[in-house]
Amino acid sequence: MKYFKGNATDGLTPITSAWMHNLFKDGELLNQLIAQYGSPVNLHNLSSFEKNIEKYKNVFESRGLRHQIYYARKANKSRGLVKHALESGIGVDTASYKELLQSLELGGDSQSLVLTSAIKTTNQIELALQNKITIILDNSDECNLINSIAKKLGIKADVGIRVSGFYVNKQKLYSRFGFDIDEVIPFTIKHVGKDKELANLNLTGLHFHLDGYSTEQRALALSSCISLANQLKHNGYPITFIDMGGGILMNYLAHEQEWIDFDYKLRESVQNEDASITFNGTGLGYEMVDGKLNGKLNTYPFFNSIYGVDFLNEILDYRDSNNDMNNTDRLKSENIEIRIEPGRSLLNQTGITAAKVAHRKKDSKGQWLVGLEMNMSQMMSSSADFLLDPYIVYHNFPEDSDEVQVYFTGAYCLERDVLLKRKITLPKLPERGDIVMFINTAGYMMHFFETEAHLFELSKNIMFKENSPNLNDLDFIEDSLITK
Ligand SMILES: Cc1ncc(COP(=O)(O)O)c(C=O)c1O
């Protein structure tokens, strides 16, 4: 057995971890896992997850900030990660009834869970209130519903207000979520508190989650929330926490130059209409309009030089021009706990997806298509393509093999079920049963959009810890078997 990265040259080389290479070397184990759990199978390394948790904790501890980290479990459905987050002393951000219920069953409680869902159903709210879970408020209908349920239960609901519409360079940042920043004070004073309509809401915090990946926008949003918290305090609403949501950037790629080169070559290929880079010449956001190149790369920014803890540090170090102190010092002087809800970035280097080759064929254009026992929904996000070179484990690898360019195709009856839109160069045409490995898929890629179309089984998720040097199938546990 031998394994290789696709695109030995001119590729998009993913950052990998030693544990991944240990698995690629062990083709027998991969065969066994696929035989046992089916294809594709998602493998999760809990040690990587734990390391990421520690790094974020250190950021806050080194600054002496009161803090809470909630793992945003929407990024990955697995129970094992929730249990591990709780065991590592962080919390979990839940966004549906089932996410909340399962997190409670796995050991979550009023201190470790938060409910931030975009749509809040009555059963979700009841469950949260019965367990004293803080709820993040999005709109006034929701406030009324939560207030009436809390009243019925004879309790006060701990809530935070989600804030949006922050001013950045004198422009308002649009979001469909939350209360406009200019409305928070008048709304709260008018409706929330003793002898008011929303007397059963106990406002304890502010929350925001921004689209996009600007540290400056997040830093200004945080700064605005600190000022808002101060004003609320002077109006009789002591704010104890500010939760700045998720969206901390992650870096997937080893070389910036490859990222720059890919963008250049893609644009050139769209301009020349030569389909040399992507399936059927798809521009991944670029297109020709009236003879001119239009649009922009419509994918996640897979290469970033500022990501993870550096991204977070930039926000916490930021001092906006209206203040003498940076965000960290202002949080401390107001005695406010800072909270974050990272999903994707906490899952960095935590997961890979292994899929079995089912067939090879040449299409009418003479292109090699390699069919995998997998479908497009099992590696899909809002990004137009997953721009990381896969690895391939060959069972037989004759030394005189010829290089070949392929597209990996999936099992749906859709022409567009092409798993990676990029053409991948391999050192040899794979055979049936060879294994293709997709790297760093735990955050959103594995199963965020997974469907059961064609009645295909949902992919299995298996968990393990890195610490055993010679892994065997008994070191892995299937996620649905994980309990408290
Ligand atoms: C409210 C909220 N918190 C946290 C997250 C997690 O974001 P990420 O996975 O990008 O860190 C999201 C993602 O959509 C969100 O909407």
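1. A residue is called buried here when its relative accessible area is under 20%, exposed when that area is over 50%, and partly exposed in between. Please keep in mind throughout that this is a predicted model. By that cut-off C143, with 0% relative accessibility, counts as buried, whereas C413, at 66% relative accessibility, counts as exposed.

2. On the cysteines, how many disulfides does a search of the whole structure find? The search finds zero. As a reminder, a disulfide is a covalent bond between the sulfur atoms of two cysteines. For C143 the reason is one of distance, because the closest cysteine sulfur, that of C225, is 16 Å from the sulfur of C143, which is too far for a bond.

3. The protein is divided into domain 1 (2-45 + 349-481), domain 2 (77-249 + 303-342) and domain 3 (256-295). Taken over C-alpha atoms, the centres of domain 2 and domain 3 are separated by 40 Å.

4. The largest pocket holds about 1200 Å³ of space. Its lining is made up of 41 residues, and those closest to the centre of the pocket are H209, L210, D211, Y213 and Y444. Sorted by class, this lining has 15 nonpolar, 17 polar and nine charged residues. Strand β7 (157-164) and helix α9 (215-234) each supply at least two residues of the lining.

5. Which element gives the most to the lining of the second largest pocket? That element is α5, with three residues, and both α5 (97-105) and β22 (460-464) supply at least two residues each. The helix α5 also has a buried side, in that E99, L100, Q102, S103 and L104 are its buried residues. Among the elements that cover these buried residues are α4 (79-87), β4 (91-94), β5 (113-115) and α6 (122-130). After α5 comes G107, which has a positive phi near 115°.

6. N147 belongs to helix α7, which spans residues 140-153. Is N147 buried or exposed? With a relative accessibility of 6%, N147 counts as buried. Leaving out residues up to four places away in sequence, N147 touches E197, L198, A199, N200 and L201.

7. Some backbone details deserve a look in the viewer. The peptide bond that runs from S39 to P40 is cis, with omega near -5°, and P40 has its place in the loop between α2 (27-37) and β2 (41-45). N7 is not a glycine, yet it has a positive phi of about 55°; N7 sits in the loop between β1 (2-5) and α1 (18-25) and is buried, with a relative accessible area of 4%.

8. L284 is another residue other than glycine with a positive phi, in this case near 50°. The loop that holds L284 runs between α10 (256-272) and β13 (286-289), and L284 is buried, its relative accessible area being 4%.

9. The last point concerns K265, which is found in helix α10 and is partly exposed, with a relative accessible area of 27%. Once neighbours within four places in sequence are left aside, K265 is in contact with D10 and I277. K265 and G80 are 185 residues apart along the chain, and their C-alpha atoms are separated by 41 Å.

Note on methods: Residues are numbered from 1 along each chain as its sequence is written. This is a predicted model: local features need pLDDT of at least 70, side-chain atom pairs count only at pLDDT 80 or more; totals for chains, interfaces and linings use all residues. Side-chain values use heavy atoms; hydrogens and water are left out. On a 1 Å grid over the protein atoms alone, a cavity is a set of points where a 1.4 Å probe fits but cannot get out, and a pocket is an open set with protein on both sides within 12 Å along at least five of seven lines; lining residues have an atom within 4 Å of a point. Grid points are joined across faces, edges and corners, and a volume is the space filled by probe spheres set on the points. Helices (H or I, at least four residues) and strands (E, at least two) are DSSP runs, numbered from the N terminus. Ala, Val, Leu, Ile, Met, Phe, Trp, Tyr, Cys and Pro count as nonpolar, Asp, Glu, Lys and Arg as charged, and the others, Gly among them, as polar. A disulfide is a pair of cysteine sulfur atoms within 2.5 Å. Buried means under 20% relative accessible area, exposed over 50%, partly exposed in between (1.4 Å probe, protein chains only). Contact means heavy atoms within 4.5 Å. Domain bounds come from an automatic or database domain assignment.
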